Amino acid sequence: MLYQGALFAVEDIRRARKFYEEVLGQKVMFDFGTNLSFERGLTFQEGFCELVGLDPASRVVRSHNTEIYFEEDEIEKIFEKVKAYPGIELLHGLQECPWGQRTFRFYDLDKHIVEIGESMEFVVKRFLRMGLSVEETYARSQFPPEIVRQLSLQLENEK
């Protein structure tokens, strides 16, 4: 069996598309009118309950049991862009996790939780640039030592 991605119910497919394209930089792979698939597997469906024979009133908003996750290394820039978009509600501002990754979360226009975080490669390289040793970086980031060593070598070769 081959996993194909996740589908999220939306009220207005055009509104969802506009936000995900303009603010989060997603590229549409397929547009079937009420069904929209972005590259990398994210799919939206307008009229989901009706499509599968469920009562539309049963649709849960703010279910708090899933999130759509993205990585962006220019996190301050995307944070400001998301924060300025009308109708977006932040769950929390920029915060640093114990392993060093900076993230923020918000509700999209259909009240799905969206998390944006720095890539762990970016975090590891940031620690190494700050002067942490490979061992210190591994301990702080919880990233496998062999990957930290590879990233350290990449940084050395960039000099």
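Two strands count as paired here if DSSP finds at least two bridges between them, and I begin with that because the sheet I will describe rests on it. Please keep in mind that what stands above is a predicted model.

Let me start with the overall picture. The chain has six helices and eight strands, and, read along the sequence, they follow the pattern β-α-β-β-β-α-β-α-β-β-β-α-α-α. Taken along the principal axes, the C-alpha atoms of the chain fill a box of roughly 55 × 40 × 25 Å. Of the 159 residues in the chain, 39% are buried, and among contacts between residues at least 6 apart in sequence, 52% join residues at least 24 apart.

Now to the sheet. Four strands form an open sheet with mixed pairing, and their order is S5-S8-S7-S6. Strand S5, residues 68-71, and strand S6, residues 89-96, stand at the edges with a single partner strand each, so one side of each is left without a neighbour in the sheet. On average, and with direction ignored, neighbouring strands of this sheet are turned by 15° against each other. Within the sheet, strand S7, residues 102-107, runs antiparallel to strand S8, residues 113-117, and five bridges join the two; here Phe-106 stands opposite Val-114 in S8.

There is also a hairpin to look at, made by S2 and S3. Strand S2, residues 28-31, and strand S3, residues 35-38, pair in the antiparallel sense over three bridges, and Asp-31 stands opposite Leu-36 in S3. Three residues lie between the strands of this hairpin, where Gly-33 takes a positive phi near 85°.

Let me turn to helix H5, which covers residues 134-141. Which residues of H5 are buried? They are Val-134, Thr-137 and Ser-141. Those residues cover an arc of only 65° around the axis, which puts them on the same side of H5. On the other side of H5 we find Glu-135 and Ala-139, and these are exposed. As for what the buried side meets, the buried residues of H5 pack against helix H4, residues 120-129, and against helix H6, residues 145-158. After H5 comes Gln-142, whose phi is positive, near 65°.

The pair of H5 and H6 deserves a moment of its own. How do the axes of these helices lie, in angle and in distance? H5 and H6 pack at an angle of about 130°, with their axes 9 Å apart. The crossing in which H5 passes H6 is right-handed. At the level of residues, Val-134, Thr-137, Tyr-138 and Ser-141 in H5 meet Pro-145, Val-148, Arg-149 and Ser-152 in H6.

Is Ser-152 buried or exposed? With a relative accessible area of 19%, Ser-152 is buried, because the cut-off for that word is under 20%. If we leave aside its neighbours within four places in sequence, Ser-152 is in contact with Leu-128 and Val-134. Val-134 is also one of the buried residues of H5, and that returns us to the side of H5 that packs against H4 and H6.

Definitions and conventions: Residues numbered from 1 in each chain as written. Predicted model: local features only at pLDDT ≥ 70, side-chain atom pairs only at ≥ 80, totals over all residues. Heavy atoms only, no water. Buried < 20%, exposed > 50% of the residue type's maximum accessible area, 1.4 Å probe, protein only. Arc of directions from axis to C-beta. Contact = heavy atoms within 4.5 Å. Axes fitted to C-alpha atoms, helices over the stretch in contact; angles between N-to-C directions. Left-handed = near helix turned anticlockwise from the far one by under 90°.
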